[in-house]
Amino acid sequence: ALDRALGGAVACELLVRAPEGGFKDPDLLRRVAALQRWLEQQPHVSRVLSIVDWLEEIDRGVRGTPRGQLPTSRELAAQYYLLFEGEDDFTQLLQDNYSVGRLTARFRQPEGPGEWSVLLARIDARLAQLFPPPLSVQTTGFLKLVSQMEEYLLQSQLHSFLLAFIVVSLMMLVLLRSLRLALFAMIPNLVPILLGVAFMVAVGITLNPGTMMIASIALGLVVDDSVHFLYRLRVHAKREALPLPTAIERAMVEAGRPIIVTSLVLAGTFSIWVGASVVPSMQFGVISALVILLALLADLVLLTAALTVVRPRI
């Protein structure tokens, strides 16, 4: 709705810096115009505004032609600026000493948040071609902020997941008092997350701050089921000295029902987000519910099958 009403809900500001009086140079004005025309052709860009628009409008009025042109000399540019200096927009588009000019580009929201970084990288490459030293361009505004924040969140959440994985593994080792069981406990916790990532790739869901949280949250939720099952297994196999197949059967009878109930409740709760109108929230709910159900199958089938085949010494 904001995209339709405002012609693009996200703004990117480009500050072109030149020596004092540089924006009276026709060559610099042509470079700014070339950048503006290039930006207007990029995906998700709805409008670009700069000092070039005003100069062309003034030229159109002075010459009485259907289409205005940029000044062809410094003297003519200075005359046009005199006609424009009384306007309120002048100080918003150009610095008083004609050394800094501003371009404002409005962007429509892309389908995937990761597209911001790709678009900014493309813009930076174009800026390097059009504005060699001593000219320079600084990219700022909400688009730049969102891109940097997204990159920071992805990195921090990846570190968070790795730290959580290490801590959970150590806690499993302390709780189960067995390195083998601790390693087996991570099977139903990692496999569903990997399958969830594979599902995202298959359906084209990008990795963003919302979907990146799924790994850490899912790890914290599904590890509870593994702890219940493996603790009961250890009690029957070591304390009661039962054969491993019998210990697995009894542990499944005792812990299987709570594992199924809690997993279904969690998956159903996250499934509420399927109807969300905000796409990242919907993706978060769908993938979280899928990962929890996959973890349930991993606990009931994959973990027990691995224990039966490998038969670790408990």
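Me: If helices (H or I, at least four residues) and strands (E, at least two) are DSSP runs numbered from the N terminus, in which helix is Leu302 found?

Reply: This is a predicted model, in which local features need pLDDT of at least 70, side-chain atom pairs count only at pLDDT 80 or more, and totals for chains, interfaces and linings use all residues. Residues are numbered from 1 along each chain as its sequence is written, and side-chain values use heavy atoms, with hydrogens and water left out. Leu302 falls within residues 279-310, the run that makes up helix H12.

Me: Is Leu302 buried, partly exposed or exposed?

Reply: The classes rest on relative accessible area, with buried meaning under 20%, exposed over 50% and partly exposed in between (1.4 Å probe, protein chains only). The relative accessibility of Leu302 is 33%, so Leu302 counts as partly exposed.

Me: Which residues does Leu302 contact once its neighbours within four places in sequence are left aside?

Reply: A contact here means heavy atoms within 4.5 Å. With the neighbours within four places in sequence left aside, the residues in contact with Leu302 are Ile187, Val191 and Leu297.

Me: What is the radius of gyration of the chain?

Reply: The chain has twelve helices and four strands. For its 314 residues the globule rule gives 20 Å, where the rule is 2.2 Å times the number of residues to the power 0.38 and the radius is taken over C-alpha atoms. The chain is more spread out than a compact globule, because its radius of gyration is well over that figure, at 30 Å.

Me: What are the spans of the C-alpha trace along the principal axes of the chain?

Reply: Buried residues make up 42% of the 314 residues in the chain, and among contacts between residues at least 6 apart in sequence, 72% join residues at least 24 apart. Along the principal axes of the chain, the C-alpha trace spans about 100 × 40 × 30 Å.

Me: How far apart in space are Leu119 and Ile217, C-alpha to C-alpha?

Reply: Leu119 has its place in helix H6 and counts as buried because its relative accessibility is 4%. Beyond residues up to four places away in sequence, Leu119 touches Gln42, Pro43 and Phe107. Leu119 and Ile217 are 98 residues apart in sequence, and their C-alpha separation in space is 30 Å.

Me: Which residues is Asp53 in contact with, leaving aside its neighbours within four places in sequence?

Reply: Asp53 lies in helix H3 (residues 51-63) and counts as partly exposed because its relative accessibility is 27%. From Val203, 150 residues away in sequence, Asp53 is 43 Å apart in space, C-alpha to C-alpha. With neighbours within four places in sequence left aside, the residues in contact with Asp53 are Gln36 and Val48.

Me: What is the omega of the peptide bond from Pro133 to Pro134?

Reply: Pro134 has its place in the loop between helix H6 (115-130) and strand S4 (136-140). The peptide bond from Pro133 to Pro134 is cis, with omega near 5°.

Me: What is the phi of Tyr98?

Reply: Tyr98 has its place in the loop between helix H5 (90-93) and strand S3 (100-107), and counts as buried because its relative accessible area is 11%. Its phi is positive in a residue other than glycine, with a value near 60°.

Me: What is the phi of Ala241?

Reply: Ala241 has its place in the loop between helix H10 (209-239) and helix H11 (244-270), and counts as exposed because its relative accessibility is 59%. Although Ala241 is not a glycine, its phi is positive, at about 55°.
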